[in-house]
Amino acid sequence: MHIKRILSTTAAFAAAAGVAIGAAGQASAGVSGPAFYVDHVLYRTVATPTDLSGTGAPDQSFDAIYDFGGVQRSVAESAPGYRDFNGGRWQVHAVSLPNGYDAALTSGDLDHDGVLDALDEVMAAISAGDAVDNGVVKSFVCTVNKVPASQS
C-alpha cells in the first residue's frame, strides 16, 4: 500500500509540473522525456514524491514553473547553472488562457517559434491579459537536466 501511495504521489507531482513521463524504461526510473522549457531550451526531470506545500519555506527559496494545463509544455524561470537557481525546489503556477492559446502566442511568442518557451514570453502573454497566473498549486523538489539534442 505504501508503494502505491508513493507512485501515486510521484505521478501527481509530475502531472502538476506538466511533465510527460517518457518510455517505459524511463518511467520506471521516474525520468521524464522533454518536460519544460527554460530560455528556449528543453529540460527533463526526475519526479520525486515530495510535497513542500505548507512548510513555511519562503517563496524566494523556490523557482517557478508555469503549467499550461496540457496545452503546451511548462516554462520554468531557472535551471542548473543559473545564478538564481534554487536547486530543484519548485512552485508550480497554474496558467489559464482566457482568450485561447492562439491569443497567448500572438502576445507572448516573442521569437515567433510557435510556442511560449521562455519566462519573458510567459510574462508578455500575462501582461497582455492573454494568460493568467492563477497562483501556486504545488510545491515540490525534482532534478532538472537539459534534454540531449538527439531527443529534443
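Biologist: What pLDDT do local features need here?
Modeller: Residues are numbered from 1 along each chain as its sequence is written, and side-chain values use heavy atoms, with hydrogens and water left out. This is a predicted model: totals for chains, interfaces and linings use all residues, side-chain atom pairs count only at pLDDT 80 or more, and local features need pLDDT of at least 70.

Biologist: Which pattern does the protein chain follow along the sequence?
Modeller: Count the elements to begin with: four helices and six strands. These are DSSP runs, numbered from the N terminus (helices H or I, at least four residues; strands E, at least two). Read in sequence order, the pattern is α-α-β-β-β-β-β-α-α-β.

Biologist: What share of the 152 residues counts as buried?
Modeller: Buried means under 20% relative accessible area, exposed over 50%, partly exposed in between, with a 1.4 Å probe and protein chains only. Across the 152 residues of the protein chain, the buried share is 39%.

Biologist: Among contacts between residues at least 6 apart in sequence, what share joins residues at least 24 apart?
Modeller: A contact puts heavy atoms within 4.5 Å. Take the contacts in the protein chain between residues at least 6 apart in sequence. The share joining residues at least 24 apart is 68%.

Biologist: In what order do the six strands close into a barrel?
Modeller: Strands pair if DSSP finds at least two bridges between them. Here the pairing is mixed. On average, neighbouring strands are turned by 45° against each other, direction ignored. The barrel order is β1-β2-β6-β5-β3-β4.

Biologist: Which strands does α4 touch as it packs on the sheet?
Modeller: Axes are lines fitted to C-alpha atoms, for helices over the stretch in contact, and angles run from 0 to 180 degrees between N-to-C directions. The direction of α4 makes about 60° with that of β3. The strands touched are β3, β4 and β6.

Biologist: What covers the buried residues of α4?
Modeller: Those residues are Glu121, Val122 and Ala125. They span an arc of only 100° around the axis, so they sit on the same side of α4; the arc is that of the directions from the helix axis to the C-beta atoms. The cover includes β3 (63-67), β4 (74-76) and α3 (101-108).

Biologist: In β3, which residues point the other way from Asp63, Ile65 and Asp67?
Modeller: β3 is mostly covered, with five of its five residues buried. Asp63, Ile65 and Asp67 take one side. The other way point Ala64 and Tyr66.

Biologist: Which residue of β5 stands opposite Asp67?
Modeller: β3 runs parallel to β5 (residues 89-96), joined by five bridges. In β5, the residue opposite Asp67 is Ala94.

Biologist: In the hairpin of β3 and β4, which residue of the turn has a positive phi?
Modeller: β3 and β4 pair in the antiparallel sense over two bridges. Tyr66 has Val75 as its bridge partner in β4. Six residues lie between the two strands, and the one with a phi of about 60° is Gly69.

Biologist: Is His40 buried, partly exposed or exposed?
Modeller: His40 is found in the loop between β1 (36-38) and β2 (41-47). Its phi is positive, about 75°, although His40 is not a glycine. The relative accessibility is 38%, so His40 counts as partly exposed.

Biologist: And His112, what is its relative accessible area?
Modeller: His112 lies in the loop between α3 and α4. This residue too is not a glycine, and has a positive phi of about 55°. His112 is exposed, with a relative accessible area of 71%.

Biologist: How far apart in space are Ser32 and Arg44?
Modeller: Ser32 sits in the loop between α2 (24-29) and β1. Ser32 is buried, at a relative accessible area of 0%. Arg44 is twelve residues away in sequence, yet the C-alpha to C-alpha distance is 5.6 Å.

Biologist: How many residues apart in sequence are the parts tied together by Phe36 and Trp90?
Modeller: Rings of Phe, Tyr and Trp (its six-membered ring) pair if their centres lie within 6.5 Å; planes under 30 degrees apart are stacked, over 60 edge-to-face, the rest tilted. Phe36 and Trp90 are edge-to-face, 5.7 Å centre to centre with 65° between the planes. Phe36 lies in β1 and Trp90 in β5, so the pair ties together parts whose separation in residues is 54.

Biologist: Which residues form the aromatic cluster?
Modeller: The whole structure holds three aromatic pairs. One of them, Phe36 with Tyr43, is stacked at 6.3 Å centre to centre and 10° between the planes. Both Phe36 and Tyr43 are buried. The cluster is Phe36, Tyr43, Phe85 and Trp90.
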